[in-house]
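I opened a new protein today and kept notes as I went. Here is what I looked at.

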Amino acid sequence: MDDQSPELRLVHLLRAVTVEFDLLGAEFAARQGLHPTDVRALIHLLDAARAGVRATPGWLGGQLRLNSAGTTALVDRLERLGLVRRSRDTADRRRVFLEVQERATELGWSFFGPVIGEVVAAAEGFEAGELETVRRFLTAVLESVERARPV
């Protein structure tokens, strides 16, 4: 494949954005005394809440590709730090749900808010149809990565 093709230039640009977001996540984790996996867990839990998904430890472990013991240690750590709360399902007391605490959201906004603001401002420079094209492209990229992930 031609390294200068428009498609590969997009791949390289996506990689650059991914690296920058990863560096930001690592900086946030370091400042808060967290492991990068803790940050990924919080992101998954926030995304689940936005999507109306009731997250359980098993669900979170699947998202992070962690075993049960690793997931338990992670949730214990996040709960100890006041970032996540466990709550029992009222219909099935054996089932536990995970909720991100307001403290975690506040910490996230205090660090990532300016970046989010800049990205939103950049997006405001595009027309609705262009934003829809970008959304469709990024969705297709995400689905492609999920399909191509090594097993």
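**Entry 1: ground rules.** I am working with a predicted model, where local features need pLDDT of at least 70, side-chain atom pairs count only at pLDDT 80 or more, and totals for chains, interfaces and linings use all residues. Residues are numbered from 1 along each chain as its sequence is written, and side-chain values use heavy atoms, with hydrogens and water left out.

**Entry 2: the whole protein.** I found six helices and two strands. These are DSSP runs, numbered from the N terminus: helices are H or I with at least four residues, strands are E with at least two. I read the order from the N terminus as α-α-α-α-β-β-α-α. The C-alpha atoms fill a box of roughly 55 × 35 × 30 Å along the principal axes. Of the 151 residues, 23% count as buried. Buried means under 20% relative accessible area, exposed means over 50%, and partly exposed lies in between (1.4 Å probe, protein chains only).

**Entry 3: helix α2.** I looked up its length next. Helix α2 has 16 residues and reaches 23 Å from first C-alpha to last, close to the 22 Å expected at 1.5 Å a residue. The expected span is 1.5 Å times one less than the number of residues. Its buried residues include Asp-38, Leu-42 and Ala-48. Among the elements that cover the buried residues of α2 are α1 (6–32), α4 (68–80) and α5 (102–123). After α2 comes Gly-52, with a positive phi near 80°.

**Entry 4: Thr-37.** I picked this residue from α2 (residues 36–51). Is Thr-37 buried or exposed? Thr-37 counts as buried because its relative accessible area is 14%. Leaving out residues up to four places away in sequence, Thr-37 touches Leu-64, Leu-66 and Leu-74. Contact here means heavy atoms within 4.5 Å.

**Entry 5: Arg-86.** I moved on to strand β1, where Arg-86 sits. Arg-86 has 27% relative accessibility, so Arg-86 counts as partly exposed. Val-96 is 10 residues away along the chain, yet the C-alpha atoms of Arg-86 and Val-96 are separated by 6.3 Å. Which side chains make polar contacts with the side chain of Arg-86? I noted Asp-76 at 2.7 Å and Glu-79 at 2.5 Å. A polar contact is a pair of N or O atoms within 3.5 Å; within protein, one must be able to donate a hydrogen and the other to accept it, and residues adjacent in sequence count only if both atoms are side-chain atoms.
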